[in-house]
Amino acid sequence: MIYQQQARFPDDFLWGASTSAYQVEGAWDEDGKGPSVVDMLSHPPGTADFRIASDHYHRMEEDVALMAQMGLKAYRFSVAWSRVIPDGDGPVNPGGLAFYRRLIDALTSYGITPIVTLYHFDLPWALELKGGWLNRKTAEAFVRYARLLFSEFADKVPLWLTINEQNTMILHPGAI
């Protein structure tokens, strides 16, 4: 197909990038974070796992500065449920909330729109041991977790996603 004139993206189009917590954060057992189902996976010797990942947890300010340098206008990231509520439904981890607050503040200081995904395949291990998503109490714990994040960050996060690739949860429930 040959276009006589190239269409322009709207000026308010959000050019951005996206990640999931377990794929970039690392720090899998630091600052009060509880284990997630991803943390419990075993990897063959000599292969990468998610324990360090891209070390975003320790390099977040540098990473956000690089995003700004690239001209990103939006960053979609997921919150590690077990970083915020280590066992999925018990006490809140203030250190986990502080990390995401710093991330959101860093993004907005560069004019990058934060977009939060509440769940990206990293169910807290404690909930998995109780039946995971097949246990109704997990859904109730998710509601509590979502309300916590909304109450903490709704004034700074304009866009929210509930579950990343929910089709995968349905088609391949054992894969997550």
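Two strands are taken to pair if DSSP finds at least two bridges between them. In the predicted model described here, strand E2 (residues 74–78) and strand E3 (residues 113–119) are joined by five bridges and run parallel. Within this pairing, Ala74 stands opposite Thr113 in E3. Both strands belong to an open sheet of four strands, arranged in the order E1-E2-E3-E4 with parallel pairing. The edges of the sheet are formed by strand E1 (16–18) and strand E4 (159–163); each has a single partner strand, so one side of each is left without a neighbour in the sheet. On average, and with direction ignored, neighbouring strands of the sheet are turned by 15° against each other.

Helix H4 (residues 94–109) lies across E2 and E3, and its course makes an angle of about 170° with E2. The loop between helix H3 (81–84) and H4 contains Val92. With a relative accessible area of 33%, Val92 is partly exposed, because that value falls between the limits of 20% for buried and 50% for exposed residues. When neighbours within four places in sequence are left aside, the contacts of Val92 are with Val84, Ile85, Leu97, Arg144 and Leu148. Between the C-alpha atoms of Val92 and Thr113 the separation is 26 Å, the two residues being 21 residues apart along the chain.

Charged side chains were examined next. In general, side chains of opposite charge can pair when their charged atoms come close. The model contains nine salt bridges. One of these salt bridges connects the side chains of Lys33 and Asp39, with an N to O distance of 2.6 Å. Lys33 counts as buried at 11% relative accessibility, and Asp39 likewise counts as buried, at 8%. A further salt bridge, at 3.8 Å from N to O, is formed by the side chains of Arg51 and Asp49. Here Arg51 counts as partly exposed at 36% relative accessibility, and Asp49 is partly exposed with a relative accessible area of 29%.

The side chains of Glu152 and Arg101 also meet in a salt bridge, with 2.4 Å from N to O. Glu152 is located in helix H6 (residues 136–153) and Arg101 in helix H4, so the pair ties together parts that are 51 residues apart in sequence. Helix H4, which lies across E2 and E3, is thus linked to helix H6 through this pair. Glu152 counts as partly exposed at 28% relative accessibility, as does Arg101 at 31%.

A contrasting case is provided by Asp63, which is found in helix H2 (residues 56–70). Asp63 is buried yet has no salt bridge. The nearest side chain of opposite charge is that of Arg59, at 6.4 Å; the pair does not qualify as a salt bridge because the cut-off requires a side-chain nitrogen of Lys or Arg within 4 Å of a carboxyl oxygen of Asp or Glu.

Definitions and conventions
Residues numbered from 1 in each chain as written. Predicted model: local features only at pLDDT ≥ 70, side-chain atom pairs only at ≥ 80, totals over all residues. Heavy atoms only, no water. Helix = DSSP H or I, 4+ residues; strand = E, 2+ residues; numbered from the N terminus. Buried < 20%, exposed > 50% of the residue type's maximum accessible area, 1.4 Å probe, protein only. Lys, Arg positive; Asp, Glu negative; His and termini not counted. Axes fitted to C-alpha atoms, helices over the stretch in contact; angles between N-to-C directions. Contact = heavy atoms within 4.5 Å.
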